Amino acid sequence: MNKTASKPNKAAGERLVPIFVMGKRYEVPDSLTIQKALEYAGYMLVRGCGCRGGICGACGTVYRFPNSYRIEVGLACQTVVQPDMYIAQIPFFPGNKAVYDIESLPAVGGTIAALYPEVFKCVGCGTCTRSCPMDIDVLGYISKAVQGDIAAVAEGSFDCVMCGLCAARCPAEEVQFNIAILARRLYARHLVPKAEHLEKAVKAVEDKAFDKALQELKKKSLDELKKLYKSLETEPEMADESWTPQNKSYLGE
Ligand code: SF4
Ligand code: SF4
Ligand code: FES
């Protein structure tokens, strides 16, 4: 997070509330998310900011209110400021991360325990579940990891955005999100049937089906690209899975 000189003007009618960023007091409109409030206060977010839509998990944030012992957590892009928040961001959580080759890893429950033996240290406190901004039953999937149930961990953690907030609060020092992504990789690579349409798409890439169209696009100017983008046929909101555009020249067909 860098500090910049510029500060946008407050819109008419908005109420200003005090917040504290790394100990320094700022007044920001009460309608803003923490992320927008940081920018309003003059910070330029170069880490801890990605999708701005609750998907990428880059903006994990901890905060606390005066006279409260409780540390609260949330995604900065999804949490609206409240008066007197003391805010600090956790753009990266330095959790244990096993290194493996997913192709050769056995898709059996014992693999999780072999790579993350600390999974057995879970004391079942549920702090991880209470910390999760995606409302995932984190304790639930960690319990399944202890049992070696790869499918249950993969399905139970499907919405994880890897923000790290669960790990930041865990008294057993688990890195739940890395355990979960191991299970999802094992599940997707070895246990579920392969998706035929994905196989087809991968083969098309390998056969260089898109190369000619990509080369043509690379030669275009920015204005030409914008015009082309605007003219693209877009998928209707209610389309079923069989929908494809009329013009398939960019699909390698
Ligand atoms: S916070 Fe840690 S110890 Fe507590 S339930 Fe979650 S994984 Fe287990
Ligand atoms: S499981 Fe952990 S890392 Fe994943 S979204 Fe929830 S708090 Fe974030
Ligand atoms: S910026 Fe991506 S989740 Fe907040």
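Which residue stands opposite Q89 in β7? Keep that question in mind as you look through these close-ups of a predicted model; the second view has the answer.

**View 1. Five strands make up an open sheet.** Follow the strands across the sheet in the order β3-β2-β7-β5-β6, and you will find that their pairing is mixed. The edges belong to β3 (24–29) and β6 (72–75); each has a single partner strand, so one side of each has no neighbour in the sheet. From one strand to the next, the twist averages 35°.

**View 2. Strand β5 pairs with strand β7.** Here residues 60–64 form β5 and residues 85–89 form β7. The two strands run antiparallel and are joined by four bridges. Now for the opening question: the residue opposite Q89 in β7 is T61. Look also for R64, which stands opposite Y86 in β7.

**View 3. Strand β2 also pairs with β7.** This time the strands run parallel, with three bridges joining β2 (residues 16–21) to β7.

**View 4. Side chains alternate along β7.** Which residues of β7 point to one face and are buried? They are M85, I87 and Q89.

**View 5. Ligand 1 takes up the space of the largest cavity.** Around this ligand there are 13 residues, and those that come nearest are C122, C125, G126, C128 and C170. How does the shell around ligand 1 divide into nonpolar, polar and charged residues? Eight are nonpolar, four are polar and one is charged.

**View 6. Ligand 2 sits in the second largest cavity.** Among the residues that surround ligand 2 are the cysteines C132, C160, C163 and C166. The surroundings of ligand 2 also include P133, M134, V138, Y141 and F177. Try to spot V161, M162 and G164 too, as they are part of the ligand 2 surroundings. Eleven residues of this shell are nonpolar and one is polar, while none is charged.

**View 7. H190 lies in helix α7.** This helix covers residues 176–191. With a relative accessible area of 31%, H190 counts as partly exposed, because that class lies between the 20% limit for buried and the 50% limit for exposed. How far apart are H190 and Y100 in sequence and in space? They are 90 residues apart in sequence and 14 Å apart in space, C-alpha to C-alpha.

Note on methods
Residues numbered from 1 in each chain as written. Chains lettered and ligands numbered in written order. Predicted model: local features only at pLDDT ≥ 70, side-chain atom pairs only at ≥ 80, totals over all residues. Heavy atoms only, no water. Pairing = 2+ DSSP bridges. Axes fitted to C-alpha atoms, helices over the stretch in contact; angles between N-to-C directions. Near = heavy atom within 4 Å. 1 Å grid on protein atoms, 1.4 Å probe; cavity = no way out; pocket = protein on both sides within 12 Å on 5 of 7 lines; lining within 4 Å. Sits in = over half its atoms within 2 Å of the grid points. Nonpolar A, V, L, I, M, F, W, Y, C, P; charged D, E, K, R; others polar. Buried < 20%, exposed > 50% of the residue type's maximum accessible area, 1.4 Å probe, protein only.
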